Amino acid sequence: MAVIFLTLRWALFAAAVYVGSTTFAFAESPAGVWRLSSGKVTVRIAYCGGLRLCASIINLARPLDKKGQPKVDRENPNPALRNRRLIGIVVASGMAPAGVNRWKGRIYNADDGGTYSAEAVLSGNSLTITGCWGPFCKKNRFNRLQ
């Protein structure tokens with residue numbers, strides 16, 4: 001009787017692990033290349049520490065300023081970073097899983113130099129990132145390129 005009970009218990013445990021692992025396997029991955037729906041910026045999203053995500057700018061629709069120079073992070077609150085080129089900077093960091101196809105972390109907005117709490121929600125080839133400062137939020141939609 002004890003052997004049957006233990007065998008049944010292990011069978012239930014194995015079934016639970018199988019169901020749990022297959023559910024996880026069906027979650028989508030946001031890793032890849034994404035373009036803002038306006039076309040203004042293209043980012044590469046990658047895993048940067050376990051299941052956490054980061055995003056870096058890899059292309060701008062208009063990479064040069066009015067003087068023909070590469071755009072820099074001129075609004076950064078840190079004066080030492082204001083001359084770094086926008087292409088290559090990390091704009092999303094520490095985006096931790098917060099549910100199926102959902103991540104929460106921080107985003108940096110080079111347009112105003114602010115860093116905000118953010119949530120990313122993935123649905124197929126569309127990624128919506130909502131950045132908030134207190135009760136004020138702004139949504140941006142990205143489309144998968146790769």
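So, the largest pocket: about 1000 Å³ of space lies in it. Quick note before I go on: this is a predicted model, so to speak of local features we need pLDDT of at least 70, and side-chain atom pairs count only at pLDDT 80 or more, while totals for chains, interfaces and linings use all residues. Residues are numbered from 1 along each chain as its sequence is written, and side-chain values use heavy atoms, with hydrogens and water left out.

What do I mean by a pocket? On a 1 Å grid over the protein atoms alone, a pocket is an open set of points with protein on both sides within 12 Å along at least five of seven lines, whereas a cavity is a set where a 1.4 Å probe fits but cannot get out; a lining residue has an atom within 4 Å of a point. Points are joined across faces, edges and corners, and the volume is the space filled by probe spheres set on them.

Okay, who lines this pocket? There are 38 lining residues, and Lys 40, Tyr 108, Asn 109, Ala 110 and Asp 111 lie nearest the centre. By class you get 23 nonpolar, four polar and eleven charged. Here Ala, Val, Leu, Ile, Met, Phe, Trp, Tyr, Cys and Pro count as nonpolar, Asp, Glu, Lys and Arg as charged, and the others, Gly among them, as polar. Strand 7 gives the most to this lining, six residues. Other strands that each supply at least two include strand 2 (41-47), strand 5 (102-109) and strand 8 (136-144).

Now the fold around it. The chain has one helix and eight strands, in the order α-β-β-β-β-β-β-β-β along the sequence. Those are DSSP runs, numbered from the N terminus: helices are H or I with at least four residues, strands are E with at least two. The strands make a closed barrel, 1-2-3-4-5-6-7-8, with antiparallel pairing. Neighbouring strands in this sheet are turned by 30° against each other on average, direction ignored; the axes are lines fitted to C-alpha atoms, for helices over the stretch in contact, and angles run from 0 to 180 degrees between N-to-C directions. Two strands pair if DSSP finds at least two bridges between them. Strand 3 (residues 53-60) and strand 4 (residues 90-97), for example, are joined by three bridges, and Ala 55 stands opposite Ala 92 in strand 4.

Those two alanines turn up again in the lining of the largest cavity, along with residues including Leu 53, Cys 54, Met 95 and Trp 103.

Last stop, a couple of side notes. Asn 101, in the loop between strand 4 and strand 5, has a positive phi of about 60° although it is not a glycine. Is Asn 101 buried or exposed? Buried, with a relative accessible area of 13%; the cut-offs, with a 1.4 Å probe and protein chains only, are under 20% for buried, over 50% for exposed, and partly exposed in between. Over the chain, buried residues make up 28% of the 146. By contrast, Trp 133 and Phe 136 are both exposed.
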